[in-house]
Amino acid sequence: MSIRELCLGLAAMLSLCSAADGLERYVSAEGDDGADGRTPETAWRTIARLNEGLPAGGRALLRCGDAFRGTIRVKGGPDTAHPTVVTSYGGGAKPVITSAVRLPEGTNAWTALSEGHCIWRTPLGNPAPGVLIVDGAVRPVLRYDYNDVNRMWDFACADGWLYVHATNNPALLAREVRVTVNEHGAWLGSNTELRGLRFSEIGAHGVVAGWTGRDPRRFVSRLLVKDCDFDTIGGSELLGFSRQAHIRTPIRVRYGNGVELGGVLEVKAQLDIAALDVFFAIDFGFTGCGAGYFQNLAFFGGGLSGSGLR
């Protein structure tokens, strides 16, 4: 028996064990959050329901070919032998985790600031948009003052409005306009695995671990991110950054890494990133930062396209 065959056999046994223990939950775009989530036919519909209902040490299966909006914040497993796993089921493309919001269609959704003015606005509840996606093309130029929005598809956000530079009503110029907002794709604790997912059009980090803000000495360990793809990551403003004690001159910054490990005082992280493919991140493909330290970081395969390592 080859090593590959042995690994596949062990993975199948673990999956059967999870199902037998009642720890497996399914999620699909056609699901129902009022169902029990225990079979593909009774799948849940949303990431919010998954976060609420997946037991620690459970196994979440997201249907291939579907897209889900929200941040994965499942409970970590009780120990390293029983991690919480978020992966996929079915055939086709990897399930997508996104923070993108489709802007309303129709010319009535947009208002010109004044007649003959090339700045249009539409309501947006999130105060920190990342990038625009106009008919599939990324438009990343964010201005902090809408008066500086002076090139086609440049944008700004203020007082609950999204401002966009366009030569005509945006609804007449594009079939679809989406905007990424200030949300992570996943925010993880210890003993957690992500396998076979795609994080796409995320306004903040693709995956972040640490930065708990609750217990600064909490250790974060045993994380696995395997066979996951990341594209169009980041761009949102890091709100409150200029108010930090070590910042002497107020500045405004945008952020967004494929995977970020962060710590407040001390974070121990054991992270395996296997087959990590990051394309177009505002910041870096992988970042370890904070006033802590990291150990046992392992990288296997994968690539960082258009992004770096910090």
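**Aromatic pairs and nonpolar cores**

The structure holds three aromatic pairs. Rings of Phe, Tyr and Trp (its six-membered ring) pair if their centres lie within 6.5 Å; planes under 30 degrees apart count as stacked, over 60 as edge-to-face and the rest as tilted. This is a predicted model: local features need pLDDT of at least 70, side-chain atom pairs count only at pLDDT 80 or more, and totals for chains, interfaces and linings use all residues. Residues are numbered from 1 along each chain as its sequence is written, and side-chain values use heavy atoms, leaving out hydrogens and water.

Start with Tyr26 and Tyr89. Their ring centres are 5.0 Å apart and their planes stand at 85°, so this pair is edge-to-face. Both residues are buried. Buried means under 20% relative accessible area, exposed over 50%, partly exposed in between (1.4 Å probe, protein chains only).

Next come Tyr146 and Tyr163. Here the centres lie 4.2 Å apart and the planes at 10°, so the pair is stacked. Tyr146 counts as partly exposed, at 29% relative accessibility. Tyr163 is buried, at 4%.

Now turn to the cores. A nonpolar core is a set of buried Ala, Val, Leu, Ile, Met, Phe, Trp, Tyr and Cys residues joined through side-chain atoms within 4.5 Å. The largest has 29 residues, and Leu50, Leu62, Leu194 and Phe199 touch the most other members. Apart from it lies another core, of 17 residues, including Leu103 and Trp153.

How confident is the predictor? pLDDT is its confidence in each residue, from 0 to 100. The protein chain has a mean pLDDT of 81, and 73% of its residues reach 70 or more.

Conventions
pLDDT is the predictor's confidence in each residue, from 0 to 100.
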